Every structure is written in C-alpha cells, then in structure tokens.
Amino acid sequence: METMTMIRTTLREVAPEADLDHLEPGADLREALELDSLDFLRFVELLSERSGRRIDEDDYPRLATMSGAAMFLDAAAHGTS
Amino acid sequence: MAEFRMPSLGADMTEGTLLEWLVQPGATVHKGDVVAVVDTSKAAIEVECFTSGTVRRLLVEPGTQVPVGTPLALIGEEEPVAPIAPPPLTGHPAAPVLSPLVRRDASARHVDLGTVHGTGPGGRVTRLDVEHAVEAPAPPPAGPARRRVSPRARRLARETGIDLSAISGKGPAGIIRAADVEGAEPAVARPAPPAAEPAVPTTAEQAARRAAAMRATIAALMARSKREIPHYYLTETIDLTDALAWLHDRNQDLPVPRRVVPAALLLKAAARAAREVPELNGFWIDEAFLPAPTVNLGVAISLRGGGLVAPAMAEADTLNLDELMDRLKDLVSRTRAGRLRASELSSPTITVSNLGEQGVESIIGVIYPPQVALVGYGTVTERPWAVRGLLGIRRTVTVSLAADHRATDGATGARYLRTLARLLERPEEL
C-alpha cells in the first residue's frame, strides 16, 4: 500500500536507528520509537510535504500510529476527511 | 606567540584526542574559528581558537591523546604582510573552513551541514557550498535534519569499515542508501591525504568505545555531583492550559517548519527565570559562587544509542521564541550527529532536563558540576484542577528545581519556581 510505504520511509528518515520491521501498525509511534516532540514535528513536516496535505496540530492525534496515519492520509486523498 | 591548547570541555574532562586539524601552518585564523576536532568521551567536538593570528606550527599529530592544557599549536598574533595560504587540496580557492560564518549562513538558510558536499580544502564546507545547497533542489530538505542513513546502509558501513560521514547520500532527501555505501571506498584502503584524514579507528569501533566511555563519564560526573553537592529539591505544578492554547493559536496559521513546540516555550521560561534569579545561574568554584554574565541554557539531550549530552544554548534568555525553536532544532540535530562545538559543551550556566517527553510525571535531577541548579520538566498532563473555586480539567506540568545548598537556600529556589510560573502565565511576553 502506497501510503504505508510513504509513512515507513518517512519514519526511517526521522528515526534511522529504529527497527520498523517489528513495529505493530497500531503501536504508539512516539512511545515505540522514542520520538521527542522535535522528531514528531519533523515526521509531520515530511508527511505533509509528501502527501501535499495540510496537517494541523489538531490532526496530530490521528498520526499517533502507522495505521492511524495511513487512514488519515488516505481519507484526505479522497476528500472525506 | 600564543599557544592553542587542549581545552577542557566540561568539568569531567582530563584528556582528549586530537582527531583532525582544520587549519594548516600559515593559515590566518580569527577568534572563534573552528580550527580542530577533538574527541572526548562524549563526542567529536569542534574546537574554536581564542586568538586571532597566523598558525605558525602544529605541535600535535592527529590521533594523539594529550592531557587538558597541552599546547596543540602555536599561533602568531600579528597578521602576516602576505598571508601564506596553504595550497588548496582541490581546484577550488581556499575558503574559510566551517567558520562560524558558514554555520550561521547554513543555520539561517536551514541547510544541514551534514548533507552538504564540501568543496573546500580537505572537503570542508564553504559558504559557496551552502549557497549551492540552498539552490540545489535535490538533497537538502528544508529545516535542519539529522544525517539520515538507512539501517542496511549503516550495517554495511559497519561491516566494511566505511566512514558514513564521508559519503553523500543520493537517496530521496539525501538519505544514505546501501548503494551509496557500496559505491564508496573504505577509508582504510585509501592512502590518507595530508591532515584531512586522521588516523583513527573506524566509525563502528569508535561508536562502541564511545558508548562505554560516555557511560564512564556520566558515572564519574554524577557520582561527583552527589558526593560533593548538597542538593535541595523543590517542585511546583503549573497550570499550562492558557499558555498551550496561546501556542496552539500561534501555530495554527503556520506551516509545519515554523511551528513551535511546547518544549521551546518551557526552555524559554527557564532561561528568563534564570536571568531574574541570577543566584542560580553560574558556578560553584573554589568554595564560592561565581555568577555567570549570561544565561547559557544547558539542554539535556538524549542520544539514540544511549547516553546524554547537555550542550548550551548561548544567551537563551535573549532569544525570541522562533529563534529559540530554530536553535533547539539545530542543537538537537548536531548533538545527535556528533557535531557540537567546544564552546557549547563547556559553557552551560544552568541546565534543563525535559524528560517529560518520555512520559514521566516529574523528574528530580542531578546537578552538573560546577553548575548550581538543574530544572526538570515532567510530562504535560490533564488533571482535575481548582480554579477560582471551581473544579476543572486543566493541562499542567510539574517542574522541579534541584539546587546546590552551598550556593543558595530554599527561599531562592522558591523564588525561581514562582518566577517561572509567572512567566508562563504570559507566554506572549516570552
């Protein structure tokens, strides 16, 4: 799935040392990858850039997990956010 | 003739290894220029020189470990009539090497120096490179970023002994991919060009050694702190609801790279409060408190491989929020990339630990000697909270102060925390 690939690629850039292979789609990213607020901001920034989708602070909770982020971005792509 | 000596990069350092010279005899240097890279137990640190003049002689070879205070180079204080510049190693004109100017430039243009390909002598990054990096659409992403390496590339580099810092990534957004590593030659197999390639172990060995050394350094320093410093501790829970709402409003209209995280607001408040309560901003040296003239806010930054470094954000109390946010991003990315400068390691006057981001309610810290105070922020949490006789749900943070009882008493510490709370009530003035 293309969105998921984008999310994984982005996470790999934000946290190069992280082991994404064993990351559950529903796991809390900040906790599992020990992202601080700057890392998370960078994650949001890159996702926004790549998906062409504006991401507001209010949307952050929906990006807490990989599956949540995928749903959010796909919904945005279909104009049903 | 002035001696450039092995600096002390913190109370815990007794010796250091000269990794690399960034200048050659005959080079003109100015106060504040980065002239050498020194390896401490914590990281490779870029060291600035403290005089202006001409480099006469280099006294220590790269790869040599010497005690703090050992002369490393001789610098003639007068400018030569005709500067004898060393022949450039490439066809490009000699350029100031990683000078503060280049860094300022890079920082202002959001260029990550780690991703810029240097064309100066010995592959140094010049201002021109920074300009090109801005113009080039490909590798450097907007905003400071840490060096990105794919796990496979990292593994490959480790196995083959390739220095990742010498590779420019050709993957998306400048990420280093396995293919980039495969295309690179192992540093050991290459004859070392003069002075540019220090004779040091490979990155992997270095990393393992450094991890152990860092543990030992933290152990020694923290044990000394607990042995020598009679700590007293105060905590205060602050209602952040209004401050966070203000920040949220402010971020609402901004593109992601311009948004300010709450941590920046908390750091700013800690720095301003230190200015207003100067008794906590400085050092305990020779049985007396030495107040510091500026607030250089130490920011405890955890490293991904484990360990902790607390470099200083110089004069943090004078920065506006946007500036502070930029400096924070830059500091964190450079700390994790091992690109700190000597002045940043040796100059904190008070330190803040923001472990709250790891989800704990509060942190009661250990002071970094010879500083006399450490501020700790816990996680911002929603709590039932009484406001003007009514019970509501508010977002709060527990802030703690660990302070040196030799330098101050609890009343001073209390004044600090009260000041901090008051400042956070008016975030727009921060």
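**View 1. Val375(B) and its bridge partners in the predicted model.** Val352(B) has Val375(B) of β18(B) as its bridge partner. The strands concerned are β17 (residues 350-353) of chain B and β18(B), which pair in the parallel sense through three bridges. Val375(B) also stands opposite Leu401(B), a residue of β20(B). Here β18(B) runs antiparallel to strand β20 (residues 390-404) of chain B, and five bridges join the two.

**View 2. The two faces of strand β18 of chain B.** Strand β18(B) spans residues 373-377 and is mostly covered, with five of its five residues buried. In a regular strand, side chains alternate between the two faces of the sheet. On one side of β18(B) are Ala373(B), Val375(B) and Tyr377(B), and on the other are Leu374(B) and Gly376(B); all are buried, and both faces are covered.

**View 3. An open five-stranded sheet in chain B.** The strand order is β7-β2-β4-β5-β16 (chain B), and the pairing is mixed. At the edges stand β7 (65-67) and β16 (340-341) of chain B; each has a single partner strand, so one side of each is left without a neighbour in the sheet. Strands of a sheet pair through backbone hydrogen bonds, in either the parallel or the antiparallel sense. Between strand β2 (residues 15-21) of chain B and β7(B) the sense is antiparallel, over three bridges. Glu15(B) has Pro67(B) in β7(B) as its bridge partner.

**View 4. Helix α1 of chain A and the helices it packs against.** Helix α1 (residues 2-14) of chain A has 13 residues. From its first C-alpha to its last it reaches 19 Å, close to the 18 Å expected at 1.5 Å a residue. Its buried residues are Thr3(A), Met4(A), Met6(A), Ile7(A), Thr10(A), Leu11(A), Glu13(A) and Val14(A). These buried residues of α1(A) pack against α2 (29-32), α3 (37-51) and α4 (66-77) of chain A.

**View 5. Packing of α3 of chain A on α8 of chain B.** Helix α8 (residues 321-337) of chain B packs with α3(A) at an angle of about 100 degrees, and their axes are 11 Å apart. An angle of 65 to 115 degrees counts as roughly perpendicular, and α3(A) and α8(B) are therefore roughly perpendicular to each other. On α3(A) the contact is made by Leu38(A), Asp39(A) and Leu41(A), and on α8(B) by Met325(B), Leu328(B), Lys329(B), Val332(B) and Arg336(B). The residues of this contact between α3(A) and α8(B) divide into five nonpolar, three charged and no polar.

How values were computed. Residues numbered from 1 in each chain as written. Chains lettered and ligands numbered in written order. Predicted model: local features only at pLDDT ≥ 70, side-chain atom pairs only at ≥ 80, totals over all residues. Heavy atoms only, no water. Pairing = 2+ DSSP bridges. Helix = DSSP H or I, 4+ residues; strand = E, 2+ residues; numbered from the N terminus. Expected span 1.5 Å × (residues − 1). Buried < 20%, exposed > 50% of the residue type's maximum accessible area, 1.4 Å probe, protein only. Contact = heavy atoms within 4.5 Å. Axes fitted to C-alpha atoms, helices over the stretch in contact; angles between N-to-C directions. Parallel < 35°, antiparallel > 145°, perpendicular 65-115°, else oblique. Nonpolar A, V, L, I, M, F, W, Y, C, P; charged D, E, K, R; others polar.
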